[in-house]
Amino acid sequence: MNTTKIGWAGLGNMGIPMVSNLLKAGYAVQVFNRTRNKEKDVLDAGATAAGNLSKLGSGNDITLTMVSDDAAAKELFTAPEGLLAGEVKGKLFINVSTVSPETSRFLEESCINKGAAFMEAPVSGSVKPAQDGTLIILAGGTEDAYQKAKPLFDVLGKLSLLVGPVGAGSAAKLAINYFLGLNLQGLAETVLFAQANGVKTEDMLTIINEGACGSGITKLKSPAILKGEFPAAFALKHLAKDLRLAKEQGLDAPLSTPLYESFKQAQEAGLGDEDVMAIYKHLDK
Ligand code: NA7
């Protein structure tokens, strides 16, 4: 059993497999999720329940957060009964959700004001890499915080990089998710174009995946296109959010606006809770 006490807030699609891996690695993990019944799986796997955020923050050495967006992360940290409400001097907080660099710096300042340390560590990879412990972790913060967090990152991911101070990890995450969006949109448009000209979807996907244009993401998402089923590994609404954040962060490239509009429209059309690859379904009209 590892003696560092770990707290975890946010048990969605990503939080649950990540906590499961920490438990398997021998960490004592205390958890809290807003919708309490979603704690069940990890409690069954050996986690304990904090009951509220304040206890979670003050009762553990390192507390990680994995929630939907900027507003949720801010609320977790700064609500009157939030993570920082109790005595947290000397504790380390790590936000692994994707938020803007500005929100990350706000969270850092909130922690420092309470005598605690903060690190951002958004992850690249969705549910399968989270289950397999093969995420890529894009850390932003001090070397000291990184060294404390590294043993956890080694459990959760296949690679972690300290890319700079708080804000840099979030910027790197927005950049890689822009690239992800371009890939998904490109894959969908390409297959639909071929299909409209009489090429079977299966054949077009084989041409892509067996050639130089094939990649981890095209191979991963091909089965969903073939089945026409898009259960969320990474919900489309989250990528729409990341593309918006990238634009707000200054991304003004020829494809950035149409790409964001495409995912935004797909979300507005009701596909937000399906997988990012449901962009194919949206374009297939
Ligand atoms: P999910 O599966 O949509 O889970 C979102 C989690 O965030 C879930 O635990 C939610 O709690 C929690 N949440 C959302 N809003 C709040 C507020 N306001 N307060 C507390 N908790 C909240 O997302 P994923 O796990 O796939 O992804 C999370 C992050 O990774 C995100 O940054 C993505 O961009 C990538 P609930 O169960 O609804 O009570």
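This is a predicted model: local features need pLDDT of at least 70, side-chain atom pairs count only at pLDDT 80 or more; totals for chains, interfaces and linings use all residues.

Let us start with the aromatic rings. A pair of aromatic rings is described by the distance of the centres and the angle of the planes. Here the count comes to four aromatic pairs. In one of them, the ring centres of phenylalanine 77 and phenylalanine 93 are 5.9 Å apart, and because planes over 60 degrees apart count as edge-to-face, their angle of 65° makes this pair edge-to-face. The two partners come from distant parts of the chain, 16 residues apart: phenylalanine 77 belongs to helix α4 (residues 70-78), while phenylalanine 93 belongs to strand β5 (residues 92-95). With a relative accessibility of 1%, phenylalanine 77 counts as buried, and phenylalanine 93, at 0%, counts as buried too.

Phenylalanine 77 also pairs with phenylalanine 118, again edge-to-face, with 5.9 Å from centre to centre and 75° between the planes. Phenylalanine 118 lies in strand β6 (residues 117-120) and phenylalanine 77 in helix α4, so this pair ties together parts that are 41 residues apart in sequence. Phenylalanine 118 is buried, as is phenylalanine 77. Through these ring pairs, Phe77, Phe93 and Phe118 are linked into a cluster.

Next, look for a charge and a ring: the charged end of lysine 74 sits over the ring of phenylalanine 106, 5.4 Å from the ring centre.

Methods:
Residues are numbered from 1 along each chain as its sequence is written. Side-chain values use heavy atoms; hydrogens and water are left out. Rings of Phe, Tyr and Trp (its six-membered ring) pair if their centres lie within 6.5 Å; planes under 30 degrees apart count as stacked, over 60 as edge-to-face and the rest as tilted. Helices (H or I, at least four residues) and strands (E, at least two) are DSSP runs, numbered from the N terminus. Buried means under 20% relative accessible area, exposed over 50%, partly exposed in between (1.4 Å probe, protein chains only). A charge sits over a ring if NZ of Lys or CZ of Arg is within 6 Å of the ring centre and within 35 degrees of the ring normal.
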